[in-house]
Amino acid sequence: MAASTAGHAAAASTAVHAPASAAAAPYAWSRREFIKGVIASGVTVSGISYFAGGCTAPTTTLIGGVDRLLSLNVNGQVRRVDVLPNETLAMTLRYKLGLTGTKLGCDRGECGACTVMIDDVAHYSCSTLTHRVRGRHVTTVEGLVGPNGELHPVQRAFIEELAPQCGFCTPGQVVSAAALLRANPNPTRDEARAAMAGNLCRCGAYDHYLNGVLRAAREA
Ligand code: FES
Ligand code: FES
């Protein structure tokens with residue numbers, strides 16, 4: 001649990017819980033930047049309402065200088081979606097694109113249930129503004145299946161190691177592990193523990209998940 005607590009603290013400060021090797025990734029947004037983005041979008045929208053004499057009817061084309069109709073690359077497909085200026089990626093994925101494999105636990109960058117990959121690096125989608133991923137490649141747990149629907153090696157390894165208990169944290173654990181193995185195909189146990197530290201498991205199956213990560217690395 002100590003490792004998870006450390007990861008929790010690290011994740012809360014960065015909203016990215018990728019291994020150190022990925023720390024230089026272009027999307028290492030800080031929580032401060034995320035909050036500033038939300039506040040800025042809210043201020044802009046409320047300012048427009050004021051100057052428009054209280055006319056707050058939303059438009060799907062432009063609000064506060066932000067084009068709301070986006071083309072997002074999700075799981076290799078371009079999806080057109082109407083996104084509010086302060087909308088998080090988790091909300092867009094789950095409630096607009098129907099990708100409910102991405103779970104919402106804390107909705108505040110603490111638990112890792114909402115983990116997705118952005119350009120192959122694990123991120124908390126609850127702490128990422130959807131407008132910030134334009135032009136990037138988003139991968140959810142649904143995007144990890146093989147071309148014929150076969151499970152990802154990490155998913156098979158987790159099953160073999162009996163890692164999922166209630167299963168709520170499992171999609172986030174799968175995505176974090178898959179991101180780790182893309183960056184580091186043969187991690188040590190300590191490296192895997194560090195990479196997975198941003199994913200909490202209320203059932204306490206941490207060792208099973210770690211065993212699964214190392215099994216997937218061996219069998220890949
Ligand atoms: S970290 Fe995003 S839902 Fe908990
Ligand atoms: S398996 Fe239940 S929270 Fe992790």
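This briefing describes the fold, the helix packing and selected residues of one protein model. The model is predicted; local features need pLDDT of at least 70, side-chain atom pairs count only at pLDDT 80 or more, and totals for chains, interfaces and linings use all residues. Residues are numbered from 1 along each chain as its sequence is written, while chains are lettered from A and ligands numbered from 1 in the order in which they are written. The protein contains 7 helices and 7 strands, where helices (H or I, at least four residues) and strands (E, at least two) are DSSP runs numbered from the N terminus.

**Overall fold and confidence**

- Along the sequence, the elements follow the pattern α-α-β-β-β-β-α-β-β-β-α-α-α-α.
- Of the 220 residues, 42% count as buried; a residue is buried if 20 or more other C-beta atoms lie within 10 Å of its own, exposed if 12 or fewer, and partly exposed in between, with C-beta atoms placed from the backbone.
- Among contacts between residues at least 6 apart in sequence, 61% join residues at least 24 apart; two residues are in contact if their C-beta atoms, placed from the backbone, lie within 7 Å.
- The mean pLDDT, the predictor's confidence in each residue from 0 to 100, is 82, and 70% of the residues reach 70 or more.
- Over residues 18-27 the pLDDT is below 50, and this stretch has 23 contacts in the model beyond near neighbours in sequence.
- Residues 42-59 also have pLDDT below 50, with 11 contacts in the model beyond near neighbours in sequence.

**Packing of α4 with α7**

- Helix α4 (residues 153-160) packs against helix α7 (residues 206-219) at an angle of about 130 degrees, with the axes 8 Å apart; axes are lines fitted to C-alpha atoms, for helices over the stretch in contact, and angles run from 0 to 180 degrees between N-to-C directions.
- The two helices are therefore oblique to each other; angles under 35 degrees count as roughly parallel, over 145 as roughly antiparallel, 65 to 115 as roughly perpendicular and the rest as oblique.
- The crossing of α4 and α7 is right-handed; a crossing is left-handed if the near helix is turned anticlockwise from the far one by less than a right angle, and right-handed if clockwise.
- From α4, P153, V154, A157, F158 and E160 meet Y209, G212, R215, A216 and E219 of α7.
- By class, this contact of α4 with α7 has 6 nonpolar, 1 polar and 3 charged residues; Ala, Val, Leu, Ile, Met, Phe, Trp, Tyr, Cys and Pro count as nonpolar, Asp, Glu, Lys and Arg as charged, and the others, Gly among them, as polar.

- The axes of helix α5 (residues 170-183) and α7 come within 11 Å and cross at roughly 40 degrees, which makes α5 oblique to α7.
- α5 passes α7 in a right-handed crossing.
- Q173, A177, L180 and L181 of α5 make the contact with Y209, V213, A216 and A217 of α7, and these residues divide into 7 nonpolar, 1 polar and no charged.
- The axes of α4 and α5 come within 9 Å and cross at roughly 125 degrees, so α4 is oblique to α5.
- The crossing of α4 with α5 is right-handed.
- On the α4 side the contact involves V154, Q155 and F158, and on the α5 side T170, V174, A177, A178 and L181; by class there are 6 nonpolar, 2 polar and no charged residues.

**Residue V174**

- V174 belongs to helix α5 and counts as buried because it has 27 C-beta neighbours inside 10 Å.
- Leaving aside neighbours within four places in sequence, V174 is in contact with V141, L144, H152, V154, Q155 and F158.
- V174 and L144 are 30 residues apart in sequence and 9.0 Å apart in space, C-alpha to C-alpha.

**Helix α3**

- In helix α3 (residues 89-96), 6 of the 8 residues are buried, namely L89, A90, M91, T92, L93 and R94.
- The cover over these buried residues includes β4 (77-82) and β5.
- G98, which follows α3, has a positive phi near 70 degrees.

**The loop between β5 and β6**

- D119 lies in the loop between β5 (115-118) and β6 (121-124), and its phi is near 50 degrees, a positive value in a residue other than glycine.
- With 16 other C-beta atoms within 10 Å, D119 is partly exposed.
- D120 lies in the loop between β5 and β6, with a positive phi near 75 degrees.
- D120 counts as partly exposed because it has 14 C-beta neighbours inside 10 Å.
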